[in-house]
Amino acid sequence: MTTTYIWVNFVIFICGYLIGSINMEIIVSKRLGKDIRTVGSKNAGATNFLRAFGLKVTVPVFLFDVLKCLIPVLIVFFTKIYLPDKDETKVIIPLVAAFGVMLGHVFPVFFKFKGGKGVATFFGAALAFHVEIFTLFLMIFIFFILVSRYVSVASTLSVFGASSLAALPIWHEPGHILNYMNQAVPMMANTICLALGAMLIILKHIPNFIRLASKTEPRICFYKERVCTPTNA
């Protein structure tokens, strides 16, 4: 029985990957007359979408990315609750779905494996993992956005910080209502999925690090809807 439920994680991962491969940045940009993969940084993610189309169109696209990661995790979690053999179903790891979604978002099978960098989906993964981890992640992200005005800096430091903090045992202690996602799973299993997602995001930002070193990375402008060009940085 345990082996059967372990294979359930593989099915969950594949389903998550297929959901993650639904890249709304590409779909919406084509409806608006452009392919996001041909403009700006050519990255099919929320930041490049913001650069190309502005804030008002980006908000619902960003929310879709968050929810497409959050909702599958919650579906796995609540389905698991109603399965029999509670001891056996401990091997089902809800955040396997989140890692699948993040991987699908970055390498979407429906769009020739050219997607975003996974940051928006990490928002959903962090919220699914623990609301306090999500709050810390959001605080780190906002802090570095305000200080540096580089989305790449804020993204990589916040995902690294959140996944590192997620390894603390306080998020896995039994009896705390907010720790519900990390109950009845192998110790640190959800944390490992979150960390793998963070590693994927950091690796995808290597080109940004190169642009940061050469001072050609664009900054966010707070006084208008679009992203500053490198010359305004």
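The accessible surface of this chain comes to about 11,400 Å², and 74% of that area belongs to carbon and sulfur atoms. Please keep in mind as you look around that the model is predicted. The chain holds 10 helices and zero strands, and its radius of gyration of 18 Å is close to the 17 Å given by the globule rule for 233 residues, so the chain is as compact as a globular protein of that length.

**Overall build**

- Reading from the N terminus, the elements run α-α-α-α-α-α-α-α-α-α.
- The C-alpha trace spans about 60 × 35 × 30 Å along its principal axes.
- Of the 233 residues in the chain, 49% count as buried.
- Among contacts with a separation of 6 or more, 65% are between residues 24 or more positions apart.
- As for charge, there are 21 positive and 10 negative side chains, and the centres of these two sets lie 17 Å apart.

**Helix 5, a mostly covered element**

- Helix 5 takes in residues 95-106, and from its first C-alpha to its last it reaches 17 Å, close to the 16 Å expected for its 12 residues at 1.5 Å a residue.
- This helix is mostly covered, with 11 of its 12 residues buried.

**Helix 9 and its cover**

- Helix 9 has 16 residues and reaches 23 Å between its first and last C-alpha, where 22 Å would be expected at 1.5 Å a residue.
- Its buried residues are Ala189, Asn190, Thr191, Cys193, Leu194, Gly197, Ala198, Leu200 and Ile201.
- Helix 5, helix 6 (119-129) and helix 8 are among the elements that cover those buried residues.

**Asn182, a buried loop residue**

- Asn182 sits in the loop between helix 8 (151-165) and helix 9 (189-204).
- Its relative accessible area is 5%, so Asn182 counts as buried.
- Leaving aside residues up to four places away in sequence, Asn182 touches Phe129, Trp171, His172 and Asn190.
- One of these partners, Asn190, is also listed with the buried residues of helix 9.

**Leu63 in helix 4**

- Leu63 belongs to helix 4, which covers residues 55-81.
- With 46% relative accessibility, Leu63 counts as partly exposed.
- Leu63 and Val91 are 28 residues apart along the chain, and their C-alpha atoms are separated by 30 Å.

- For context, most residues other than glycine have a negative phi.
- Lys112 is not a glycine, yet its phi is positive at about 55 degrees.
- You will find Lys112 in the loop between helix 5 and helix 6, where it is exposed with a relative accessible area of 70%.
- Arg149 also has a positive phi, of about 65 degrees, although it is not a glycine.
- Arg149 lies in the loop between helix 7 (131-148) and helix 8, and its relative accessible area of 24% makes it partly exposed.

Key: Residues are numbered from 1 along each chain as its sequence is written. This is a predicted model: local features need pLDDT of at least 70, side-chain atom pairs count only at pLDDT 80 or more; totals for chains, interfaces and linings use all residues. Side-chain values use heavy atoms; hydrogens and water are left out. Helices (H or I, at least four residues) and strands (E, at least two) are DSSP runs, numbered from the N terminus. The radius of gyration is taken over C-alpha atoms; the globule rule is 2.2 Å times the number of residues to the power 0.38. Buried means under 20% relative accessible area, exposed over 50%, partly exposed in between (1.4 Å probe, protein chains only). Contact means heavy atoms within 4.5 Å. Accessible areas come from the Shrake-Rupley method with a 1.4 Å probe; for residues, only the protein chains shown count as cover. Lys and Arg count as positive and Asp and Glu as negative; His and the chain ends are not counted. The place of a charge is taken as NZ of Lys, CZ of Arg, CG of Asp or CD of Glu. The expected span of a helix is 1.5 Å times one less than its number of residues.
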